[in-house]
Amino acid sequence: MKQLIYIIIAFLLITGCKPGVPKDLIQPDEMAKVLHDIHITDAYVGILPNQDSVKIIAASYYKGIYKKYNIDSALYNKSMDYYYKNPKVLDEIYTKVTAVLAADKNAIVKADSIQGAKEANKIRLKVFRDSVNRADSIYWKTLILKDTTKRKIDVIKPRLIFKDLRK
């Protein structure tokens, strides 16, 4: 009988001392997602020109974030208080947040560089086409001026000359 009591007490001590985040708080994985969205919102609100309306705009964004994750500001603040008291767990959360923010930044930079390259190619192509048209018009003007006998001008000939340049 004593062994059974010792086993029950040992079991309760082992399960009771289990480290981890309490169930009534936002769990670390979800907290990382919430903090990611909150930091994105803070960054956007920080660049707004009219600082008088920033609190109203930020409050509406925060309400949207809370609704997205089915939490409220009281639960968020309670969870943040817990994580401030446990800096190792908060450090792990922010490691995840910074990794996601870095991935977002890299995706934006890549998309921006691709868009910039497309714009640069469009400009180069336009300049090239303008120079080809200019050269083509100069060729035609000189050809017409030289044609004093009013003979028929070969239309295909100038296109074949500049065909290699247009590719």
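This is a predicted model: local features need pLDDT of at least 70, side-chain atom pairs count only at pLDDT 80 or more; totals for chains, interfaces and linings use all residues.

Student: OK, how many aromatic pairs does the structure hold?
Tutor: There are 3 aromatic pairs. One of them is Tyr-66 with Tyr-76, a tilted pair with 6.0 Å centre to centre and 40° between the planes.

Student: Which helices does that pair link?
Tutor: Tyr-66 sits in helix H3 (residues 54-68) and Tyr-76 in helix H4, 10 residues apart. From C-alpha to C-alpha, Tyr-66 and Tyr-76 are 8.4 Å apart.

Student: Is Tyr-76 buried or exposed?
Tutor: Buried, because its relative accessible area is 12% and the cut-off is under 20%. Tyr-66 also counts as buried, at 13%.

Student: And what about Tyr-82 and Tyr-83, how are those rings arranged?
Tutor: Their planes are at 70° with the centres 5.5 Å apart, so that pair is edge-to-face. Tyr-83 is buried, at 0% relative accessibility.

Student: Back to Tyr-76, what is it in contact with?
Tutor: Setting aside neighbours within four places in sequence, its contacts include Met-31, Val-34, Leu-35 and Ile-38. Those four are also among the buried residues of H2.

Student: New topic then: how far does H2 reach?
Tutor: Helix H2 (residues 28-46) spans 26 Å from its first C-alpha to its last, close to the expected 27 Å.

Student: Why does Asp-37 count as buried?
Tutor: Because its relative accessibility is 15%. Beyond neighbours within four places in sequence, Asp-37 is in contact with Ile-65, Lys-68 and Tyr-69.

Methods. Residues are numbered from 1 along each chain as its sequence is written. Side-chain values use heavy atoms; hydrogens and water are left out. Buried means under 20% relative accessible area, exposed over 50%, partly exposed in between (1.4 Å probe, protein chains only). Contact means heavy atoms within 4.5 Å. Helices (H or I, at least four residues) and strands (E, at least two) are DSSP runs, numbered from the N terminus. The expected span of a helix is 1.5 Å times one less than its number of residues. Rings of Phe, Tyr and Trp (its six-membered ring) pair if their centres lie within 6.5 Å; planes under 30 degrees apart count as stacked, over 60 as edge-to-face and the rest as tilted.
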